[in-house]
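Subject: Structure for you to look over

Dear colleague,

Please find the structure we talked about handing over. The findings come after it.

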Amino acid sequence: MPLKAYGVLSGRVVDTRREGSSDSPHYQIHLVDDGGVHYRAAVNVESAEAPSELRYLVVDDFRHPVTAALPEAGSGWTPLHPGPGGANLDYIRANLFDPAAMRLLPPDAGGPDNDLADLLDHYVLRAKANQQVTAYVFGERWGPEDQADQVFGFQPGNGVHDIHMNQGNSAQFSRDDGVWQDGGLLLHLADESRWVAIFLAFQSQAWHTDDTTGHTIPGAEDPHPAPGDGGAAPTGGGAARIVAALVNPVGPAPEAETVTLINASPDPLDLTGWQIADRAKRTCAVPSGPLAAGATLVVALTDGVTLGNSGGAITLLDPQALKVHGVSYTAEQAHNEGWTLVF
């Protein structure tokens with residue numbers, strides 16, 4: 001069943017604590033909202049299930065329509081109900097980032113800049129030093145508790161955990177599966193008008209999940225094997241990518257919007273049965289037939305599939321309706337008429 005209390009916490013970072021190589025190490029963050037309420041964000045830095053190293057990705061200039069849906073800076077805890085179009089995170093359906101870009105890091109190793117705690121220090125300690133930075137922490141809330149916080153000592157104990165992907169879990173942890181309930185950390189650098197996003201996932205988690213339950217789809221091949229695990233080069237679906245889109249054509253609505261695909265592989269790719277989906281999950285067919293190696297294809301959108309000028313997501317689906325690739329764009333990127341967005 002999905003997380004019971006999913007949402008997002010908005011506040012300022014006031015302290016951090018590294019737990020080293022304990023049995024279940026976390027990177028602890030102490031935050032305070034504008035109402036003076038204290039919280040602890042417990043960020044997993046090691047998996048309880050082998051392989052233990054987490055996948056991570058930092059996006060230093062994160063641009064996605066989800067940032068426009070977030071609550072006010074410093075507003076504390078906001079519950080979020082599952083579904084697209086709001087402030088929820090979903091690593092698979094929201095096209096937040098390219099999972100193939102994720103890398104592995106140990107939780108805490110000797111020496112500088114070589115583990116996940118060092119990586120978090122680099123960004124979170126800067127947020128602590130700069131009060132113009134607001135942290136948004138996504139996950140499941142606990143508390144308020146009838147006792148002091150066990151790490152930072154404030155009262156009452158109160159906080160957020162599960163700040164990582166929360167779907168596609170192995171059988172042992174599948175009870176936490178759900179859609180539109182993934183965790184993560186976003187930092188808004190107001191003085192730079194910039195967002196930094198940190199995403200975390202366990203190597204045991206699957207990247208093809210059921211749209212209702214978030215459970216792993218049996219038999220679906222992982223399109224994003226972890227670096228260094230011996231995974232083969234991408235074939236079939238993994239070779240096709242969305243590289244551009246004409247989101248805001250010149251002229252009044254309805255507009256002739258298009259999406260450009262590329263076959264990045266050295267072999268022809270049969271696109272029969274493939275589809276493109278918009279942010280609302282409406283779909284239209286990709287023209288059937290082979291796409292030559294290295295060739296591109298401009299797909300005119302039909303069947304009510306639309307790319308809104310206020311920001312959106314574009315997803316490429318294979319004949320089994322499994323996600324192959326996805327991109328997103330913001331209202332700012334879609335503002336100028338006639339310009340093709342390049343991803």
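Below are notes on the whole chain, followed by notes on single residues.

This is a predicted model, in which local features need pLDDT of at least 70 and side-chain atom pairs count only at pLDDT 80 or more, while totals for chains, interfaces and linings use all residues. Residues are numbered from 1 along each chain as its sequence is written, and side-chain values use heavy atoms, with hydrogens and water left out.

Whole chain

Of the 343 residues, 50% are buried. Buried means under 20% relative accessible area, exposed means over 50%, and partly exposed is in between, with a 1.4 Å probe and protein chains only. The accessible surface of the chain is about 15200 Å², and carbon and sulfur atoms account for 52% of that surface. Areas come from the Shrake-Rupley method with a 1.4 Å probe; for residues, only the protein chains shown count as cover.

Contacts (heavy atoms within 4.5 Å) were also sorted by sequence separation: among those between residues at least 6 apart, 65% join residues at least 24 apart. As for charge, there are 19 positive and 42 negative side chains, and the centres of the two sets lie 3 Å apart. Lys and Arg count as positive, Asp and Glu as negative, and His and the chain ends are not counted. Each charge is placed at NZ of Lys, CZ of Arg, CG of Asp or CD of Glu.

Aromatic pairs

The whole structure holds seven aromatic pairs. Rings of Phe, Tyr and Trp (its six-membered ring) pair if their centres lie within 6.5 Å; planes under 30 degrees apart are stacked, over 60 edge-to-face, and the rest tilted. One of the pairs is tyrosine 91 with phenylalanine 97, edge-to-face at 5.1 Å centre to centre and 75° between the planes. Tyrosine 91 is buried at 0% relative accessibility, and phenylalanine 97 is buried at 8%. Tyrosine 91 also pairs with phenylalanine 199: the centres are 5.5 Å apart and the planes are at 80°, so this pair is edge-to-face. The pair with phenylalanine 199 links distant parts of the chain, 108 residues apart, with tyrosine 91 in the loop between strand E5 (76-79) and E6 and phenylalanine 199 in strand E10 (residues 194-202). Phenylalanine 199 is buried, with a relative accessible area of 0%. Ring pairs join Phe62, Tyr91, Phe97, Phe199 and Trp207 into a cluster.

Backbone points to check

Tryptophan 180 is not a glycine but has a positive phi of about 55°. Tryptophan 180 sits in the loop between E8 and strand E9 (184-189) and is buried, at 10% relative accessible area. Alanine 321, also not a glycine, has a positive phi of about 65°. Alanine 321 is in the loop between strand E18 (311-317) and strand E19 (323-330) and is partly exposed at 47%.

Two further residues

Threonine 134 lies in strand E7 and is buried, with a relative accessible area of 12%. Not counting residues up to four places away in sequence, threonine 134 touches Ser10, Gly11, Ala73, Gly74, Leu186, Leu187 and His188.

Asparagine 114 is in the loop between strand E6 (103-105) and helix H1 (116-129) and is partly exposed at 27%. Leaving aside neighbours within four places in sequence, asparagine 114 is in contact with Leu105, Pro106 and Ala109.

Regards

Technical notes. Helix = DSSP H or I, 4+ residues; strand = E, 2+ residues; numbered from the N terminus.
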